[in-house]
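Work through the exercises below with the model open, and try each task before reading its solution.

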Amino acid sequence: MLALYVIITLLTATAAGAGCWMNYVRHPIPVAAAEVVRVPQSWMPVLGTLLGAAALGLLAGFAVPVLGIAAATGLVLYFIGAVITHLRVRDYALGPVSGALALAVVTLAVTLAYRLG
């Protein structure tokens, strides 16, 4: 279980860190997604900061378990919000955001199973 926890956590922290960077540098992928769902460009740094905080929280969770649980929970909520935002504008191309949500849910489940089980 430890190996699964470490691998999933590192994978998710890397993905969240990459998402943070992409928002900060206004990479075309999140910029286009924000335009589709009508999220103002001024929110990009805020969204990037949330992803960066999640990445750091997941890594800190190796030493302080409650931070890892909180970060994984925050990511699940972040991506639920992203799905709702897509649905709000009737954008049903949910592949990327659903994959990110699934990774966040798996991370939370594995973190809880490892830390509480």
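**Exercise 1.** Determine how the axes of H4 and H5 are placed relative to each other, and which residues make the contact.

*Solution.* The axes, which are lines fitted to C-alpha atoms over the stretch in contact, with angles running from 0 to 180 degrees between N-to-C directions, come within 9 Å for H4 and H5 and cross at roughly 155 degrees. Since angles over 145 degrees count as roughly antiparallel, H4 and H5 are therefore roughly antiparallel to each other. Helices here are DSSP runs (H or I, at least four residues), numbered from the N terminus. Taking contact to mean heavy atoms within 4.5 Å, the H4 side includes Pro65, Gly68, Phe79 and His86, and these residues belong to a set that meets H5 residues, among them Val97, Leu101, Thr111 and Arg115. The residues of this contact of H4 with H5 divide into 16 nonpolar, five polar and one charged, where Ala, Val, Leu, Ile, Met, Phe, Trp, Tyr, Cys and Pro count as nonpolar, Asp, Glu, Lys and Arg as charged, and the others, Gly among them, as polar.

The model is predicted, so local features need pLDDT of at least 70 and side-chain atom pairs count only at pLDDT 80 or more, whereas totals for chains, interfaces and linings use all residues. Residues are numbered from 1 along each chain as its sequence is written, and side-chain values use heavy atoms, with hydrogens and water left out.

**Exercise 2.** Classify the ring pairs that Tyr5 forms with Phe62 and Tyr114.

*Solution.* Rings of Phe, Tyr and Trp (its six-membered ring) pair if their centres lie within 6.5 Å; planes under 30 degrees apart count as stacked, over 60 as edge-to-face and the rest as tilted. By this rule the count comes to three aromatic pairs. For Tyr5 and Phe62 the centres are 5.4 Å apart and the planes stand at 75 degrees, so this pair is edge-to-face. It joins Tyr5 in helix H1 (residues 2–24) to Phe62 in the loop between helix H3 (44–60) and helix H4 (65–88), 57 residues apart. Tyr5 and Tyr114 are stacked, at 4.7 Å centre to centre and 15 degrees between the planes, and this pair links H1 with helix H5 (residues 95–116) across 109 residues.

**Exercise 3.** Is Tyr5 buried or exposed?

*Solution.* With a relative accessible area of 2%, Tyr5 is buried (under 20%; exposed is over 50%, partly exposed in between, with a 1.4 Å probe and protein chains only).

Methods
Helix = DSSP H or I, 4+ residues; strand = E, 2+ residues; numbered from the N terminus. Parallel < 35°, antiparallel > 145°, perpendicular 65-115°, else oblique.
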